[in-house]
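Hi everyone, thanks for coming. I'd like to walk you through a few local details of one model, so please have a look at it with me.

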Amino acid sequence: MDLGIRGRTAIVCASSQGLGRGCANALAEAGVSLVINGRNQALLEQTAQEIRQAWGVSVTPVLADVSTAEGQTALLNACPTPDILINNNGGPPVRNFRELDRQAILSGVTMNMVTPIELIQRVIDSMVNRGFGRIVNITSYSVKMPIVGLDLSSGARAGLTAFMAGVARSVADKNVTINNLLPGSFDTQRLRSNLSLAAKRNQVSEAEAVARSIANIPAKRFGTAAEFGQTCAYLCSVHAGFMTGQNILLDGGAYPAAF
């Protein structure tokens, strides 16, 4: 399918690896010029080069922490008026909520709620003025289904979801859409790291921890960054202009409800 966005520009946050890279790669395949972001320079440069070679599009790597004002400014200096914004950021580690002090809570809210709001504030009016914009926030299926130990991440992302619900509808008539992608268990470095910690905590092998995790997914496998990215790219396409303010689960059926 031709997504109708060839020649558009996109900022994809936290995209040197994992789900962010999956989104960047799918957008590049659709002919979109990219600004990608990460905090590991070698990995970021490698990702940029691989995407350029694969799809022949412009890829500008920006080494920055997107949670900081300086990092956001660096991204927007590289692409002041993007047509597409993919909000993505790491979340707080698994932790008992009793161990969270005020600073930890504020940091988590900054990473997963405040940062995407700030970026949207800075790009949305240019999208409205052009009559085209696509914003996708990568959140988590924990917004809908609690995961013990990820309470801070879940709360911050749920706050973003509620905040954006009204904003999305305020710009829908300008062909600017805002949607949220809610990933479940995808085969990324972050997932493997969490499973390794779970294995140690439960005194089982990493293979057993993986098997237990997969057993709870009706699809009986982890998702891939590539299929996540293709879903993101579709939400950014001309074909998805009538879809806004939605929360799209990609979890292999793990969320156990009809609605």
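Let me start with a question: is Ser 15 buried or exposed? Keep in mind that we are looking at a predicted model. The answer is that Ser 15 is buried, because its relative accessible area is 0%, and buried means under 20%. You'll find Ser 15 in the loop between strand 1 and helix 1. Its side chain reaches back to the backbone oxygen of Val 12, at 2.6 Å. If we set aside the neighbours within four places in sequence, Ser 15 is in contact with Gly 20, Arg 21, Ala 24, Ile 36, Asn 37 and Thr 47.

What is the phi of Ala 14? It is near 45°, a positive value in a residue other than glycine.

Lys 220 lies in the loop between helix 7, residues 206-215, and helix 8. With a relative accessible area of 51%, Lys 220 is exposed.

The crossing of helix 1 past helix 8 is right-handed. On the helix 1 side, the residues in this contact are Gly 18, Leu 19, Gly 22, Cys 23, Ala 26, Leu 27 and Glu 29. Facing them from helix 8 are Ala 225, Phe 228, Gly 229, Gln 230, Cys 232 and Ala 233. Sorted by class, that contact has eight nonpolar, four polar and one charged residues.

Helix 4, residues 102-130, packs with helix 5, residues 151-170, at an angle of about 25°, with the axes 8 Å apart. That makes helix 4 roughly parallel to helix 5, because angles under 35 degrees are classed that way. Helix 4 passes helix 5 in a right-handed crossing. From helix 4, the contact includes Ala 104, Ile 105, Gly 108, Val 109 and Asn 112. From helix 5, the partners include Leu 152, Ser 153, Ala 156, Arg 157 and Phe 163. The residues of this contact divide into 14 nonpolar, four polar and one charged.

One last stop, back among the serines. Where is Ser 67? It is in the loop between strand 3, residues 59-63, and helix 3, residues 69-78. Ser 67 is buried, with a relative accessible area of 17%. Its side chain makes a polar contact of 2.7 Å with the side chain of Asn 89. Leaving out neighbours within four places in sequence, the contacts of Ser 67 are Gln 72, Asn 89, Thr 110, Met 111 and Thr 115.

Notes:
Residues are numbered from 1 along each chain as its sequence is written. This is a predicted model: local features need pLDDT of at least 70, side-chain atom pairs count only at pLDDT 80 or more; totals for chains, interfaces and linings use all residues. Side-chain values use heavy atoms; hydrogens and water are left out. A crossing is left-handed if the near helix is turned anticlockwise from the far one by less than a right angle, and right-handed if clockwise. Helices (H or I, at least four residues) and strands (E, at least two) are DSSP runs, numbered from the N terminus. Contact means heavy atoms within 4.5 Å. Ala, Val, Leu, Ile, Met, Phe, Trp, Tyr, Cys and Pro count as nonpolar, Asp, Glu, Lys and Arg as charged, and the others, Gly among them, as polar. Buried means under 20% relative accessible area, exposed over 50%, partly exposed in between (1.4 Å probe, protein chains only). A polar contact is a pair of N or O atoms within 3.5 Å; within protein, one must be able to donate a hydrogen and the other to accept it, and residues adjacent in sequence count only if both atoms are side-chain atoms. Axes are lines fitted to C-alpha atoms, for helices over the stretch in contact, and angles run from 0 to 180 degrees between N-to-C directions. Angles under 35 degrees count as roughly parallel, over 145 as roughly antiparallel, 65 to 115 as roughly perpendicular and the rest as oblique.
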